[in-house]
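Here's a quick briefing to read alongside the structure. Have the sequence and the 3D view open as you go through the points.

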Amino acid sequence: MGNYLISGVSRGLGKALARTMLEGGDCVWGIGRSGERAVEDLIVDYPQTFKYLSFDLSNLDDIKSRIFGELITKDTPLDGLVNNAAIAYADLVTNMNTKPLLEMFEINVYAAFLLTKYTIRNMILHGRRGSIVHITSVCARKGFKGLAMYAATKGALESFSASTAREWGSRGIRSNCVAAGFMQTDMSASLTEESLQKIFNRSALKSPTKMESVARTVRFLLGSGSESITGQVVGVDSGA
Ligand SMILES: NC(=O)c1ccc[n+]([C@@H]2O[C@H](COP(=O)([O-])OP(=O)(O)OC[C@H]3O[C@@H](n4cnc5c(N)ncnc54)[C@H](OP(=O)(O)O)[C@@H]3O)[C@@H](O)[C@H]2O)c1
């Protein structure tokens, strides 16, 4: 049983993951932009082991004081971090606008980098052999029309993770990515039925990727059963 920080627990995959971890007896410190109402069910079901902070990760300068001060105090040792929170700015490259592009990089990339920085510091302070998992996407390596900018944020995390694994492996700190396939969440809700069918038909399993399957893979990578796995990108994508 361990202590885990997970971003984006207010809905979608992050919430499914938080529940999976809590059901397994772990403690979860969760972040999301929404107020506490979004996670009321988790607070009620796990009053002792689930803590939540409503925080907008685009406030990069406040990450240290709010998350690694207010939410996680110095005497809380972390065993793992999941960088899950993200937004998707979808458009053709030729239509790219700077404002949404920068906003997406702040949340998907820079905030994830900073959460990793302070998590590793926490692990070193407490002598923990921890595990970091970044949620990336099948589109980072396979490509998808209209998702070039979003895919690039996931590619950045995959590169960052590989070098983080090399940099901190000697301390027993691991870093991996889970590249998820198409999941039916709010993020993908704007896709037309035709686009959905196209995506499903391109996968070996001809079906969406189940959030629970991604969540269980992340839990495995966080735990001691995966102690020799680091610097990897694990695809959970229905065989895309
Ligand atoms: N859905 C897919 O098909 C798919 C495929 C591959 C990879 N992924 C990746 O899987 C992960 C989870 O995606 P999802 O589909 O579950 O997304 P989602 O349903 O849109 O949920 C996104 C989560 O991130 C949080 N978040 C977004 N911006 C934030 C900010 N500025 N500060 C704090 N929290 C913020 C949201 O909080 P609020 O609710 O408070 O806004 C929410 O909890 C993401 O990394 C995504 O890129 C998704």
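**Helices over the sheet**

Helix α3 (residues 63-71) lies across β2 and β3, and its direction is at about 155° to β3. Keep in mind that this is a predicted model.

- We're looking at an open sheet of 7 strands with parallel pairing, in the order β3-β2-β1-β4-β5-β6-β7.
- At the edges sit β3 (50-54) and β7 (233-236), each of which pairs on one side only.
- From one strand to the next, the twist averages 20°.
- The parallel pairing of β2 and β3 runs over 5 bridges.
- If you want a landmark there, I31 stands opposite L53 in β3.

**More on the helices**

- Helix α4 (residues 98-126) lies across β1 (3-7), β4 (80-83) and β5, running at about 180° to β4.
- How does the span of helix α6 (residues 148-168) compare with what 21 residues should give? At 1.5 Å a residue the helix should span 30 Å, and its end C-alpha atoms are 30 Å apart, so the two agree.
- The buried residues of α6 are M149, Y150, A151, T153, K154, L157, S161, T164 and W168.
- The cover over those buried α6 residues includes β4, α4, β5, α5 (139-142) and β6 (174-180).

**Around the ligand**

- There are 28 residues around the ligand, and G8, G12, R33, A86 and T185 come nearest.
- Two or more shell residues come from each of α1 (12-23), β2 (27-32) and β5 (131-137).
- Of the elements, α1 gives the most to this shell, with 3 residues.
- By type, the shell splits into 13 nonpolar, 11 polar and 4 charged residues.

**A loop residue: E36**

- You'll find E36 in the loop between β2 and α2 (40-45).
- Leaving out residues up to four places away in sequence, E36 touches I43, Y52 and S54.
- For a sense of distance, the C-alpha atoms of E36 and E193 are separated by 33 Å, with the two residues 157 apart along the chain.

Key. Residues are numbered from 1 along each chain as its sequence is written. This is a predicted model: local features need pLDDT of at least 70, side-chain atom pairs count only at pLDDT 80 or more; totals for chains, interfaces and linings use all residues. A residue is near a molecule or strand if its C-beta atom, placed from the backbone, lies within 6 Å of it. Helices (H or I, at least four residues) and strands (E, at least two) are DSSP runs, numbered from the N terminus. Ala, Val, Leu, Ile, Met, Phe, Trp, Tyr, Cys and Pro count as nonpolar, Asp, Glu, Lys and Arg as charged, and the others, Gly among them, as polar. Two strands pair if DSSP finds at least two bridges between them. Axes are lines fitted to C-alpha atoms, for helices over the stretch in contact, and angles run from 0 to 180 degrees between N-to-C directions. Two residues are in contact if their C-beta atoms, placed from the backbone, lie within 7 Å. The expected span of a helix is 1.5 Å times one less than its number of residues. A residue is buried if 20 or more other C-beta atoms lie within 10 Å of its own, exposed if 12 or fewer, and partly exposed in between; C-beta atoms are placed from the backbone.
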